[in-house]
Amino acid sequence: MTTLLADYDRERQAFEALLTPDCRKRILLFCGASGCGKTTLLNACLERVPAALPCIPIQLRGSAVSVAEVFYRSGHRLSWERLSRFTAQVATLQGVPQVQIDHNWLLGINNRINVALHAEEPTDREHRRAALTEAWFQDLQAFDHPVLMALDTYEQATAAVTAWIDGPFLSRVAQVSQLRVLLAGQEVPEAHNIEWGHCCTAHHLCGVPEAEHWWPIVEVMNRRVNVPDPRSWLAGVCHALGGRPKEIMQVIQDLPRRGREA
């Protein structure tokens, strides 16, 4: 089922540009308050991703999604065979660089990544995280097609994950043309970062207050407005709700369907 989305045409065009082979603005930020339609926009964008382009969608919600989990999900989606430098680095950090990386070894890769990243001292943890990040990006650089990572709810990520994203992760995205990143949340990193801001596009989502963008939604949903001037009524609803898509959509959903008695 296609996601219904009112307006946000500029944002959708920016996402389409993110997927082009020669894209230079490889980091796309969507920032907006709760109810602004961010999740609906993300869903509509991801529906447009071609089947041949690998997409790794991740919601950065608390401790359930660590840096290790991001690595694990990427390998699960891209196949570990394509991430040979990364898996070799995992083995090295575990102290067994000569291990045969086969199906049995990969069965426990999630735990192995966690062990490889673990260290008592913060400086050691940082060194291990940097080594795995570097190996991971080296593998991605060998891909002959783009890879998309869609990261949502940035504001709910742990401090360790946001520090990794703001620093090593996005700075390397600026250097590796194969990786494209859509990052969304009620808060997002500062778009004018000196290391990666030059390849970043940021959009602040302010809602959709114009009734003209909502009337096609009313028609697609087969709803009717039982007042003499339906469009003026809809304009009043949009104004009263401050253009907040989630609330406007709820009003439209509650309208009677066409062909039924009121």
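Guide: Buried residues make up 47% of the 262 residues in the protein chain. Buried means under 20% relative accessible area, exposed means over 50%, and partly exposed lies in between, with a 1.4 Å probe and protein chains only. This is a predicted model, where local features need pLDDT of at least 70, side-chain atom pairs count only at pLDDT 80 or more, and totals for chains, interfaces and linings use all residues. Residues are numbered from 1 along each chain as its sequence is written, and side-chain values use heavy atoms, with hydrogens and water left out.

First, the setting. The chain has 11 helices and five strands. These are DSSP runs numbered from the N terminus: helices are H or I with at least four residues, strands E with at least two. The C-alpha trace spans about 75 × 40 × 35 Å along its principal axes. Among contacts with a separation of 6 or more, 75% join residues 24 or more positions apart. A contact means heavy atoms within 4.5 Å.

Now the helix. α8 covers residues 159-173, which is 15 residues. From first C-alpha to last it reaches 20 Å, close to the expected 21 Å. That expected span is 1.5 Å times one less than the number of residues. α8 also bends, by about 40° at isoleucine 165. The bend is the angle between axes fitted to the seven residues ending there and the seven starting there. Proline 168 follows within four residues of that point.

Which residues of α8 are buried? They are Val161, Thr162, Trp164, Ile165, Gly167, Phe169, Leu170, Ser171, Arg172 and Val173. Their cover includes two helices, α3 (67-78) and α7 (122-141). It also includes the strands β1 (27-32), β3 (147-152) and β4 (179-185).

Those strands belong to an open sheet. Its five strands run in the order β2-β3-β4-β1-β5, with parallel pairing. Two strands pair if DSSP finds at least two bridges between them. At the edges are β2 (55-59) and β5 (200-205), each pairing on one side only. From one strand to the next, the twist averages 10°. β2 and β3 share five bridges, in the parallel sense. In β3, alanine 150 is the bridge partner of proline 57.

The structure holds nine aromatic pairs. Rings of Phe, Tyr and Trp (its six-membered ring) pair if their centres lie within 6.5 Å; planes under 30 degrees apart count as stacked, over 60 as edge-to-face, and the rest as tilted. Tryptophan 136 and phenylalanine 137 make an edge-to-face pair, 5.0 Å centre to centre and with 90° between the planes. Tryptophan 136 also pairs with phenylalanine 169, this time tilted: 6.3 Å centre to centre, 35° between the planes. This pair links distant parts of the chain, with tryptophan 136 in α7 and phenylalanine 169 in α8, 33 residues apart.

Why does tryptophan 136 count as buried? Because its relative accessibility is 1%. Phenylalanine 137 counts as buried too, because its value is 3%. Phenylalanine 169 is also buried.

Phe71, Tyr72, Trp80, Phe86, Trp136, Phe137, Trp164 and Phe169 form one aromatic cluster. Trp164 and Phe169 are among the buried residues of α8.

Terms used. Axes are lines fitted to C-alpha atoms, for helices over the stretch in contact, and angles run from 0 to 180 degrees between N-to-C directions.
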